[in-house]
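Biologist: Please take a close look at one part of this model with me, and spell out your terms as you go.

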Amino acid sequence: MKTKLSAENLNISFGTKHVLKNIDIQFVENQITALIGPSGCGKSTLLRSFNRMHDLSSDAKITGKLQLEDLDLYAKSVPVTEIRKRIGMVFQKANPFPKSIYENIAYGLRINNLPCDKSVVEKALREAFLWEEVKNDLKMPATRLSGGQQQRLCIARAVALRPEVILMDEPCSALDPVSTLKIEELIVYLKKKYTIAIVTHNMQQAQRIADKTVFLYLGEIKEEGPTKKIFESPENEMTANYIHGHFG
Amino acid sequence: MLLKSSKISTVIEWGTLLISTLLVCFFLVVVIWEIVSKGAGQLSWEFISKVPSEGMTKGGILTPIVGTVMLTLLTALFAIPFGVCCAIYLNEYAEDNWLTRTIRASIRNLSGVPSIIYGLFGLALFVQALQLGTSLLASGLTLGLLSLPYIITTTEEALMRIPNSTREAALAVGATKFETIKDVVLPSAMPGILTGVVLTLSRAAGETAPILFTGAAFYINQSSGYLDQEFMALPYHLYMLSTQHQSIEEVRPIAYGTALVLIIVVFFMNLTAFYIRFKYRKNATEM
């Protein structure tokens, strides 16, 4: 089992607010790792530190060692666009570009100077289980798709770049149960090729798809381990209370 | 009793709002009716295709039409590129600190400065200091300055309405900040930006004070439109005909005709803004 993505002694603060404290975490290649914990515990902050989304907020202070294999993600010599190409991201709310379905996939390929033709776009859409539904409407604005379709389009947009890791920030929180199941099925299928880190508030979802589960509370990792173990015999009392819905 | 009094107050509340609305509409209708009824008789192909002649008592208003069109184009040329770039810098690049906030507040305040001040400033800077003379170019630059704060403010507001999740989407596929703005943010904000631009230009087209000292001429009896020369403009022409002409009664119909043409020009510019908004909204939702 090879570690694909890791953080060592990671601390993040925004202004005076210390959001993540001494985080050590490893994401294993071709596995799904779920991050769970009550709102505000720092799950999304942790996820977004890997593709350097915090670069946008000027008051974010990040210390620690974040690595994609041997690559230091915060090294000055590494262009941030390169990192974001290798570490894709799917957001909580589907955010397709205000462009056509085809352009939504093609755009990322083009700006990264990757080959971009209809077959590449088709392959990405097929991988996101979306091709059959949109193959006749590739010129249609992406905003006309349903919420679940838009989210699968965003996944297709991420996989089109052939990333190594895909970060998912509550990708199903705005979707109905049927669309959620479709996306879960897709995530499980994608782990054959990619390493996946997913933030979720849905305990059943974590149990259905994750190989490993990490429980965060107030910016600290309280417990981590194989999903089955976390949910069936948690060692930490807080973990037990959280997964049984006593707080959070 | 209680019920009755609340009924009365409802009627009063409703009535006050209705009467205010009707009053506003009444004056608008009177103004338009006055101008259309007295100016419509003047409208003809000759009126808009002939230059004014015989001391502006005869002929058409081609010269002021050409002048106003040229002036508006010049204003657009000076104000749009700088205004839009400035708004992009302020909204997308500048950090939110006291300097940025001061700059932004200053720009908002500039849009409240009376236009006659711009006129005097244009006279001092463009006409005299830069030695452009009273000319179309000097007036265009002055109107450009006047339009800048409006364009910056409306563009910035259009950019602010684009949610951050849209920017993050582009960044997450490896776009640089500039690519994100160029390829995703600007196209999304375009309807708002264009609407602001057109409304600003239609306002500039109707301005008199800034061109008064910087290049507008009382009377030119030939077609003009050269950058280094004086020009005639519709609003100034109207002002002249209504208050400064020696045979004011004789030229009154021409004045009404000019007012009508000016209103039509501004109306069409506003209609363009309306159409742009409508078209983009339609594209976004269905297409």
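Modeller: Happy to! Two strands pair if DSSP finds at least two bridges between them. The strands themselves (E, at least two residues) and the helices (H or I, at least four) are DSSP runs, numbered from the N terminus. This is a predicted model, in which local features need pLDDT of at least 70 and side-chain atom pairs count only at pLDDT 80 or more, while totals for chains, interfaces and linings use all residues. Residues are numbered from 1 along each chain as its sequence is written, and chains are lettered from A and ligands numbered from 1 in the order in which they are written.

Strand 1 (residues 3–14) of chain A runs antiparallel to strand 2 of chain A, and eight bridges join them; S6(A), for instance, has Q26(A) in strand 2 as its bridge partner.

Now for helix 6 (residues 147–159) of chain A. Its 13 residues should span 18 Å at 1.5 Å a residue, and its end C-alpha atoms are 19 Å apart, which agrees; the expected span is 1.5 Å times one less than the number of residues. Helix 6 is largely enclosed by the rest of the structure, because twelve of its 13 residues are buried (20 or more other C-beta atoms within 10 Å of the residue's own; exposed means 12 or fewer, partly exposed in between, with C-beta atoms placed from the backbone). Among the buried ones are R152(A), L153(A) and R157(A). Their cover includes strand 6, helix 3, helix 4 (118–127), helix 5 (131–134), strand 7 (165–169) and helix 7 (177–190) of chain A.

Lastly, the neighbouring chain: 21 residues of chain A are in contact with 19 residues of chain B (C-beta atoms, placed from the backbone, within 7 Å). On the chain A side, helix 2 (80–86), strand 6 (87–90) and helix 3 (101–111) each give two or more residues.

How values were computed: Contact = placed C-beta atoms within 7 Å.
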